[in-house]
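Here's a quick tour of a few spots worth a look. Have the viewer open as you read.

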Amino acid sequence: MNSTVFHLVIIFILILEIKVQLPEGSEFLVDRSKRGLTHVPKDLSLKTTILDISQNDISELQASDILLLSKLRVLRMSHNRIQYLDMSVFKSNQELEYLDLSHNKLEKISCHLTVNLKHLDLSFNAFDALPICKEFGNMSQLEFLGLSATQLQKSSVLPIAHLHISKVLLVLGDLYGEKEDPESLQDLNTKSLHIVFPAGKEVHFVLDVSVSTAVSLELSNIKCVLDDNGYSYFLSMLSKLQNNSRITNLTLNNIETTWHSFIAMFQLVWHTSIEYFSISNVKLHGRPQIRDFDYSNTSMKALTIHQVVSDAFSLPQSYIYKIFSNMNIQNFTVSGTHMVHMVCPSQMSPFLHLDFSNNLLTDMVFNNCGTLARLETLSLQMNQLKKLTNIVHMTKEMKSLQQLDISQNSLSYDENEEYCSWTISLLSLNMSSNILTDTVFRCLPPRLKVLDLHNNRITSIPENVLGLEALQELNVAANSLAHLPECDSLSSLSVLVTDYNSISNPSAHFFQSCQKIRSISAGNNPFQCTCELREFIQSIGQVSSEVVEGWPDSYKCDYPDSHKGTLLKDFHVSPLSCNTALLIVTIGVTGLVLAVTVTVLCVYFDLPWYLRMMCQWTQTRHRARNTPLHELQRTLQFHAFISYSGHDSAWVKNELLPNLEKEDIRICLHERNFVPGKSIVENIINCIEKSYKSIFVLSPNFVQSEWCHYELYFAHHNLFHEGSDNLILILLESIPMYSIPSSYHKLKTLMAQRTYLEWPKEKSKHGLFWANLRASIRVKLMYQVKEI
């Protein structure tokens with residue numbers, strides 16, 4: 001009971017959902033093909049308009065499966081296991097237009113009126129008789145009808161005789177041919193009829209396929225052999241076409257026959273109303289019997305032969321080639337047949353279009369062939385062509401040739417071969433997928449408008465290429481081009497394709513050179529996103545977006561790695577970094593302004609002097625903190641020994657001594673601290689050793705004093721002996737280096753290598769000077785010096 005209530009609730013909800021209307025013209029596709037389903041899914045959306053459940057294992061279709069799919073227009077159920085179908089299951093699907101039930105196991109259907117169907121496919125099923133119900137006669141909109149049957153009866157077709165069906169597909173079962181009505185198809189009212197015979201079974205019944213209304217007939221799975229009396233049922237069937245003047249298109253697929261019957265087919269069709277005859281996938285046995293071919297009284301305009309194989313080791317090829325080359329038709333195609341040659345027509349040929357693609361033709365085909373003067377289009381794609389000069393020679397007699405396709409061969413051009421005289425009528429030339437190089441531009445038709453050279457070995461297009469003034473379209477994709485071509489010699493070029501080359505820095509001058517370009521495709525190249533590319537990107541922005549094909553998705557940076565994969569439109573670089581001259585000027589001007597500013601500030605505030613003094617003071621304090629105190633105090637009696645010239649004694653006594661001794665700094669002077677009786681040299685050495693620092697007052701007078709030189713020498717010697725930094729140089733007056741005698745080499749060295757204190761002339765700076773000096777010699781002494 002609960003289950004019943006639950007299902008009722010679900011159905012009620014689904015019915016409410018049906019009322020939701022889809023926007024006009026919208027489609028809702030549900031694809032459940034190839035899922036291994038055994039039943040129609042129950043979770044389908046009520047909005048479904050297209051349902052594909054083909055290639056599953058569904059064995060039945062019930063009304064409840066699609067009852068709520070009121071919007072369903074297309075239902076594909078091919079390649080399943082359905083054996084029975086009641087057409088009434090679709091009574092709720094009034095919008096259903098396309099129903100595909102082909103490739104099932106249907107043996108019987110129960111009909112129901114389905115008015116709106118346009119496409120109904122019941123082909124490749126197991127019906128014994130044609131599954132045509134009387135209700136089919138009401139499907140006035142039916143455009144395609146696929147049927148299956150083992151036997152054909154004229155009465156089976158009558159219910160739909162009045163319908164105008166565009167195409168009918170009829171698949172005949174394996175037992176076809178036992179109980180047949182030869183005229184069973186005469187009442188079909190269709191423009192196109194396709195009959196599929198049982199595969200691998202000989203045709204042994206003459207079916208009249210000349211349906212009175214059909215203009216297109218296609219027959220598949222044909223096994224045509226001659227009986228003991230030389231009679232062929234299939235050839236007799238084709239002969240019926242001679243009585244029908246409406247059929248203009250005939251297609252034969254999957255044929256197994258003899259060479260004799262094959263030629264006979266052409267002869268039979270030749271004298272019918274057929275204008276377009278196509279035959280494909282043919283397997284031939286035996287050898288042809290040489291006999292004349294009657295080319296008279298034909299309506300044929302085009303003949304296409306595709307994929308023919310023969311089990312004969314040797315054939316009279318000249319006979320076969322002669323039959324085909326002398327056909328008085330306009331369009332002739334032979335592809336996939338391993339044909340190695342084709343002879344010239346014996347007389348002036350009406351051929352306008354020849355297609356011999358995918359064969360084994362060599363350069364010698366149509367050599368000196370003057371009977372193809374009316375030929376306009378020739379395709380020799382996918383053959384064994386080697387030398388371009390041979391192709392040029394071949395076309396010289398084709399006075400009307402406008403389009404030539406020699407792509408996918410092994411063509412090359414040797415510039416040493418001087419012959420290059422194309423027919424002047426040639427306008428379109430396809431030489432793609434060969435092994436051509438840059439030299440090919442020296443051998444091109446003079447009036448060429450369309451040239452396809454993609455997938456070759458071209459590295460550059462000559463700037464002054466001759467004879468291409470009329471060229472409008474050029475395809476050089478998939479080569480090794482490093483640059484875009486210039487249009488100086490390509491004045492009419494409007495379409496250019498250069499995808500997949502080696503173009504890294506295309507020139508921005510291209511769009512100025514190629515004024516008539518209306519389409520350029522240059523994507524998928526290894527663009528180097530540097531300054532050189534900036535102008536090209538800007539030039540793209542100045543043209544219409546429709547001109548540059550694939551922009552912007554196909555245009556990406558390949559180098560440097562930091563920009564790899566970036567779209568060109570998103571690559572930005574500043575103008576300053578790309579203009580070397582501007583960058584140098586900017587840096588120079590900025591540096592000059594900065595230097596001038598710093599100089600003015602230094603001069604105005606005298607910053608160098610203050611900085612130098614602060615640095616000296618800091619270094620002195622640092623050294624004093626890092627030297628053990630007991631080592632400094634062990635033998636010291638004086639804070640400093642003063643060495644100076646007698647001419648500078650006034651400054652020493654009036655400035656130096658007062659400013660140091662008022663801070664309880666003990667100074668050693670020669671006139672008051674030298675010990676009487678000792679030599680001057682001994683006194684100098686003793687004073688230096690007993691002093692924490694040695695201060696030298698430097699001036700031009702100091703340089704002239706010999707004793708000052710001695711004191712400096714001993715103090716410098718003590719510097720290296722003790723390993724301490726005990727020298728303080730005070731520059732009282734400037735000393736030019738040239739004025740220092742050569743014997744004063746130690747003074748020169750010290751002044752060049754050591755920092756000295758310079759006595760400032762400005763009185764405002766004296767305080768900082770004395771503070772630095774006192775800081776450099778302040779230390780606690782262990783012994784008191786005796787006053788003398």
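## Ground rules

Contact here means heavy atoms within 4.5 Å. Axes are lines fitted to C-alpha atoms, for helices over the stretch in contact, and angles run from 0 to 180 degrees between N-to-C directions. Helices (H or I, at least four residues) and strands (E, at least two) are DSSP runs, numbered from the N terminus.

This is a predicted model, where local features need pLDDT of at least 70 and side-chain atom pairs count only at pLDDT 80 or more, while totals for chains, interfaces and linings use all residues. Residues are numbered from 1 along each chain as its sequence is written, and side-chain values use heavy atoms, with hydrogens and water left out.

## The five-stranded sheet

Let's start with an open sheet ordered S27-S26-S28-S29-S30, with parallel pairing. Strands S27 (667–668) and S30 (757–758) sit at the edges with a single partner strand each, so one side of each has no neighbour in the sheet. Two strands count as paired if DSSP finds at least two bridges between them.

S26 joins S28 in parallel through five bridges, with Phe-641 partnered by Ser-694 in S28. On to S27: S26 pairs with S27 over two bridges, again parallel, and Ala-640 has Ile-667 as its bridge partner. S28 (residues 691–698) also pairs with S29 (residues 727–731) over five parallel bridges, and there Phe-696 stands opposite Leu-729.

Helix H20 (residues 766–777) lies across S26 (638–643), S28, S29 and S30, and runs at about 145° to S28. The axes of H20 and helix H14 (residues 649–661) come within 10 Å and cross at roughly 65°.

On the H14 side, Trp-651, Glu-655, Leu-656, Asn-659 and Leu-660 meet Trp-770, Leu-773, Arg-774 and Ile-777 of H20.

## Over at Lys-223

Lys-223 belongs to strand S11 (residues 216–223). Its relative accessibility is 22%, which is why Lys-223 counts as partly exposed (between 20% and 50%). Setting aside neighbours within four places in sequence, Lys-223 contacts Gly-200, Lys-201, Glu-202, Val-203 and Glu-256.

Terms used. Buried means under 20% relative accessible area, exposed over 50%, partly exposed in between (1.4 Å probe, protein chains only).
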